[in-house]
Each structure stands twice: as C-alpha cells, then as structure tokens.
Amino acid sequence: MRRLGFLLRWDTALAVALVVVAVLGTQISSQFLSSYNIFTLCTNIGDLAIMALPMTLIIITGEIDLSVASILALSAELLGYLWMHHWPMALIFVVVLGAGTVAGAINGLLITRVGLPSLAVTIGTLTLYRGLANVVLGPNTVSNFPTPFSNLGVSGFLGIQWLSWSVAIFVVLAIGFGVVLRMTPLGRSLYAIGNNQEAAFHAGIRVKRIKLGLFVLSGFVCAAVGMLYAFELSSAGENIGIGFELQVITIVLLGGVSIFGGTGTILGVALAAFVYAGLRSALLLTSSFNENDFQVVSGGLLILSVLIPNVPSFVQRVRELAGRRRLRGDALARPGGSSEAGVSG
C-alpha cells in the first residue's frame with residue numbers, strides 16, 4: 001500500500017508539473033497553446049510515447065532495450081528501400097513489421113536463452129541494427145511516398161487540427177497497455193518478475209517466455225513507429241531517429257518506472273511524455289534555447305528521474321545507519337559497555 005501510495009503521489013506530481021509547464025509555456029509565448037504548436041508538440045512526442053509503452057513493460061521486469069531507435073531506423077530505411085524498388089505498400093508493411101519482430105526476437109533470445117545481460121545485448125544490437133539500416137539504404141533518401149501516407153505528418157487525426165495521428169494511436173495503445181498491466185494476470189506477473197525474478201519463477205511464472213515476448217513486442221512496435229515516423233517526415237534517409245532511445249528511457253523513468261524493476265504505471269509514463277514534450281516546446285519557443293541546449297535539459301531529467309524515486313530508500317538507509325550508531329553509542333555509555341571498551345582498548 002505504501003508503494004501504491006507513492007506511485008499515486010508521483011502521478012499527481014506529474015499532473016501538477018504538466019499544468020505548470022502549460023502555464024510556463026503561455027508566459028513564454030502566446031503561440032504555445034495555438035493549434036499549430038500543439039499539433040507540432042503532439043507530432044514530436046507521439047512516436048517516442050508509443051515506443052515508451054513496451055519499454056515500460058521491459059523495465060518493469062528489470063530489463064532494458066537500448067536498440068529501439070536502431071530498430072526504428074532499420075524499419076524506416078527498409079521501407080524506403082522497398083518503396084524505391086516499387087514493392088506494393090501492403091507487402092512492404094508485412095516485410096518491415098516482420099523485420100522489426102525478428103530484430104526484437106534476436107534481442108530476447110540472446111537475453112533469455114543465452115543468458116546475456118540486456119544492457120550488453122541491446123548496446124550491441126543498437127550498433128548492429130543502425131549499421132544494417134545504413135547498409136540497406138546507403139546515402140539515398142526516399143521521399144515520394146503516396147500522398148495519404150505523407151499527409152500523416154501535416155494533417156490532424158480525423159480532421160482534428162491539433163491532434164496528431166501518432167498521439168491518437170498512443171492514447172488508444174496506452175489504454176490497452178494500462179489495462180493489461182493493472183487488470184490481468186500477465187500484468188501482475190510483470191511486477192512479480194521485476195520485484196524478485198527467482199521467486200516469480202518458483203511461483204510458476206514463465207519468466208523467460210514473458211521476457212522474450214516483451215522484446216518481440218518492442219521490436220514489432222518500433223518497426224511500426226519507424227514507418228509512421230518516415231511518413232510523418234515524408235522521407236526515409238540516413239541517421240533517422242538518432243538519440244531516440246535515451247529520450248524514450250527518459251520518458252519512462254520520468255513517469256515513475258523504477259530502473260530496478262517492479263514498479264511503474266502507464267498513466268505516469270503518459271503524463272511524463274506530455275511534460276517532456278511541453279517543456280521542450282516551451283524552451284524552444286524562447287530565443288535563448290535550441291535543440292542542442294535541450295539535450296542538457298533531457299540529460300538532467302534522466303538523472304533526476306533515477307535519483308528522485310530512490311530518495312525515500314536512501315533516507316531510510318541513512319536513518320537505519322544512524323539508529324545503529326545510536327544504539328552502539330548507548331551500549332558503550334553503559335558501565336559494562338564502557339569497561340569492555342576499555343579492556344579491548
């Protein structure tokens with residue numbers, strides 16, 4: 001109950017932070033709440049937020065996936081390559097989604113079957129998949145996608161001018177992920193694995209199979225986002241999505257998901273995504289901030305998102321240490337304790 005209460009307070013703090021960011025943005029620029037700026041904000045954050053959903057489940061189980069941006073790039077450039085060679089779009093969707101699924105499965109198999117740590121595996125595949133992406137399309141850029149697809153980055157969802165397609169998709173997926181995480185045996189299993197993997201295994205939870213499924217899901221979702229992102233940009237080319245993996249992890253951890261696993265909510269991640277996007281948009285509307293400057297802010301948020309949730313446990317350890325020292329001091333202050341200390345001296 002204490003842990004649940006902390007999560008609720010964290011989500012409440014994020015909701016308050018979102019309001020503060022909105023007020024700050026309106027003070028910085030009258031254009032902050034304009035339809036165009038909100039649409040741009042939604043377009044910028046929607047793809048990251050979608051990738052943050054499977055990442056949330058992976059981190060809750062105590063693992064991590066640093067290859068998400070590379071799978072996105074591989075999928076986007078494979079899309080461009082196949083379209084450049086006149087493949088039908090329906091078949092391209094199947095191939096690209098299959099490639100992303102295989103990439104996620106490779107991560108999962110190396111982690112669950114070979115027994116390698118997820119950090120090391122996904123650092124390796126981050127480079128591997130990015131390299132494959134550059135080999136697939138090379139220095140070419142493809143930008144002649146069909147108009148209905150290339151319009152995804154400039155037209156609102158179902159005619160709603162301020163709502164991007166990516167955020168609309170994220171909202172639907174977030175509801176589904178939230179229901180699974182909080183209301184199903186699978187969701188309870190994810191928390192159990194993150195809190196104590198050995199205990200979860202002995203309780204009959206198929207730990208390896210679940211983790212493998214999460215990495216496969218991550219690969220599939222990142223492949224879909226890769227195609228969506230290419231359509232939003234109306235182009236697929238080299239160096240697409242660089243740095244997205246750290247932004248996704250920042251959003252997840254800022255949402256209250258513990259880097260050590262076992263805690264986190266989809267609601268917190270959703271709120272964190274919009275806080276992150278709103279803060280970025282507000283700062284970029286000032287004359288003194290640019291994209292490179294915001295990287296400093298993003299790095300600071302990543303550190304704080306790891307540090308702040310662990311403050312209570314740190315304070316508890318300090319109190320326990322102080323209590324042990326006080327008891328030791330009381331024991332030495334007693335007549336028997338004092339003489340024993342003198343003899344041992």
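This is a predicted model: local features need pLDDT of at least 70, side-chain atom pairs count only at pLDDT 80 or more; totals for chains, interfaces and linings use all residues.
1. The lining of the largest pocket comprises 15 nonpolar, 13 polar and 4 charged residues.

2. The space within the largest pocket amounts to about 620 Å³. Its lining consists of 32 residues. Those lying nearest the centre of the pocket are Leu-48, Phe-244, Gln-247, Arg-280 and Glu-291.

3. Five helices are named as giving two or more residues each to this lining: helix 2 (35–60), helix 10 (207–233), helix 11 (244–254), helix 12 (266–284) and helix 13 (291–307). Of these, helix 2 gives the most, with 10 residues.

4. Helix packing may be considered next. In general, a pair of packed helices is described by the angle and the distance between their axes.

5. Helix 2, which also lines the pocket, packs against helix 7 (residues 165–183), and the two axes come within 8 Å and cross at roughly 20°. Because angles under 35 degrees count as roughly parallel, helix 2 is described as roughly parallel to helix 7. The crossing of this pair is left-handed.

6. On the side of helix 2, the contact with helix 7 is made by Cys-42, Thr-43, Ile-45, Gly-46, Asp-47, Ala-49, Ile-50, Leu-53, Pro-54, Leu-57 and Ile-60. Helix 7 contributes Ser-166, Val-167, Ile-169, Phe-170, Leu-173, Ala-174, Phe-177 and Leu-181. By class, the residues of this contact are 15 nonpolar, 3 polar and 1 charged.

7. Helix 11 and helix 13, both of which give residues to the pocket lining, have axes that come within 9 Å and cross at roughly 40°. Helix 11 is therefore oblique to helix 13. The crossing is left-handed.

8. In this contact, helix 11 supplies Ile-249, Thr-250, Leu-253 and Leu-254, while helix 13 supplies Ser-298, Leu-301, Leu-302, Ser-305 and Val-306. The contact of helix 11 with helix 13 has 6 nonpolar and 3 polar residues, and no charged ones.

9. The remaining pair to be described is helix 4 (residues 89–112) and helix 5 (residues 118–137), whose axes come within 9 Å and cross at roughly 150°. Since angles over 145 degrees count as roughly antiparallel, helix 4 is described as roughly antiparallel to helix 5. The crossing of helix 4 and helix 5 is right-handed.

10. Ala-103, Ile-106, Asn-107, Leu-110 and Ile-111 of helix 4 meet Ser-118, Val-121, Thr-122, Thr-125 and Tyr-129 of helix 5 in this contact. The residues of the contact of helix 4 with helix 5 divide into 6 nonpolar and 4 polar, with no charged residue.

Notes
Residues are numbered from 1 along each chain as its sequence is written. Side-chain values use heavy atoms; hydrogens and water are left out. Axes are lines fitted to C-alpha atoms, for helices over the stretch in contact, and angles run from 0 to 180 degrees between N-to-C directions. Helices (H or I, at least four residues) and strands (E, at least two) are DSSP runs, numbered from the N terminus. Angles under 35 degrees count as roughly parallel, over 145 as roughly antiparallel, 65 to 115 as roughly perpendicular and the rest as oblique. A crossing is left-handed if the near helix is turned anticlockwise from the far one by less than a right angle, and right-handed if clockwise. Contact means heavy atoms within 4.5 Å. Ala, Val, Leu, Ile, Met, Phe, Trp, Tyr, Cys and Pro count as nonpolar, Asp, Glu, Lys and Arg as charged, and the others, Gly among them, as polar. On a 1 Å grid over the protein atoms alone, a cavity is a set of points where a 1.4 Å probe fits but cannot get out, and a pocket is an open set with protein on both sides within 12 Å along at least five of seven lines; lining residues have an atom within 4 Å of a point. Grid points are joined across faces, edges and corners, and a volume is the space filled by probe spheres set on the points.
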